[in-house]
Each structure stands twice: as C-alpha cells, then as structure tokens.
Amino acid sequence: YSVGLEYYIADARERPERVVLRKADRQRYPDRQGTKAPAYHFECLDFPAAERPMNSYYVEFDAAATSSAAPHQHPGVELLYVLHGRLAVGVDGQEEVLEPGDSMYFDADRPHTYRRHGARPCAAVVVTAA
C-alpha cells in the first residue's frame, strides 16, 4: 500500500489527521478474484487513513456481468450514491433501480446484491460503516 511499517505501529497521535489519495494512486479490484466477468470493480477512496470509522469506494458496474454480484452481507450499514447510469440494488430479495443522483441506505447485515441496469456505463460511491 505504499506506506512504511512505521505507519502501522506509530502512536495514533503521530498519524495525520487528513489523507489525500490521488486518483492515479488508487488501486482497482474486481468484486471477486479469479472470475472471468466480475459484476463490478471498486477502488478504495480512503485506505491510507488509519482507524477510520467508515470505508468509502468508487465502484464501476461492468457490462460484462450477465447477472448480479453474488449476494453478500457484512456488519454495519451501507450508503450508495449513483453518479451515472442505472443501478439495480437487491436487499433481502427486493430490488430497487436507482438513477443518477439517487441514493440508498440499508442495513448491510442483510443479504444484498448489485447489478448494472441497462447498457449505459454505471458508477456509484459506496460508503460502509460498522
């Protein structure tokens, strides 16, 4: 992650109060490693920040995916904000289609899925908190 070992063991008082992560420095990951057609790719927007109470991601939902991402769940809550395109979000088997500018908040401990809805490119900001 381009930080030295001292970053992880430094006293919290010595850690920076703000972190800037340039677009060129973000790393892109598929939703699942080793799959031919991941449902989405994500970039962590805040990984250099230590002991953060939330996690934020820029997510692009891929056209190559023929179905939703596998249902998943995790502790806490999740907020999605659609930047462009249309995004189908399923929570507990009930699907909502979000348009640009729409947002959705839900308990992330419920099984949920995402999929691009339609042919246009789709991207969103996703924030999770425990």
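Mentor: Let's start with a definition: a residue is buried under 20% relative accessible area, exposed over 50%, and partly exposed in between, using a 1.4 Å probe and protein chains only. Cys122 is buried by this rule, because its relative accessible area is 2%. This is a predicted model, where local features need pLDDT of at least 70 and side-chain atom pairs count only at pLDDT 80 or more, while totals for chains, interfaces and linings use all residues. Residues are numbered from 1 along each chain as its sequence is written, and side-chain values use heavy atoms, with hydrogens and water left out.

Trainee: How many disulfides does the count come to?

Mentor: A disulfide is a covalent bond between the sulfur atoms of two cysteines. The test is a pair of cysteine sulfur atoms within 2.5 Å, and here the count is zero. As for Cys44, that residue is buried, with a relative accessible area of 12%.

Trainee: Thanks! Which strands form the open sheet, and in what order?

Mentor: Strands are DSSP runs of E with at least two residues, numbered from the N terminus, and two of them pair if DSSP finds at least two bridges between them. In this model three strands make an open sheet, ordered 6-5-8, with antiparallel pairing. Strand 6 and strand 8 are the edges, each pairing on one side only. Five bridges join strand 5 to strand 8, and five join strand 5 to strand 6. Look at Val89: its bridge partner is Tyr114 in strand 8 and Glu96 in strand 6. Strand 8 (residues 112–116) is mostly covered, with four of its five residues buried.

Trainee: Where is Asp92 placed?

Mentor: Asp92 sits in the loop between strand 5 (87–91) and strand 6 (94–98). This residue has a positive phi of about 55°, although it is not a glycine. Asp92 is partly exposed, at 44% relative accessible area.

Trainee: And how much space lies in the largest pocket?

Mentor: Rolling a probe the size of a water molecule over the atoms shows where empty space is left. On a 1 Å grid over the protein atoms alone, a pocket is an open set of points where a 1.4 Å probe fits, with protein on both sides within 12 Å along at least five of seven lines; lining residues have an atom within 4 Å of a point. The largest one holds about 310 Å³. Its lining has 16 residues, with Tyr40, Tyr57, His72, His74 and Tyr114 nearest the centre. Strand 3 gives the largest share of that lining, three residues.

Terms used
Points joined across faces, edges and corners; volume = space filled by probe spheres on them.
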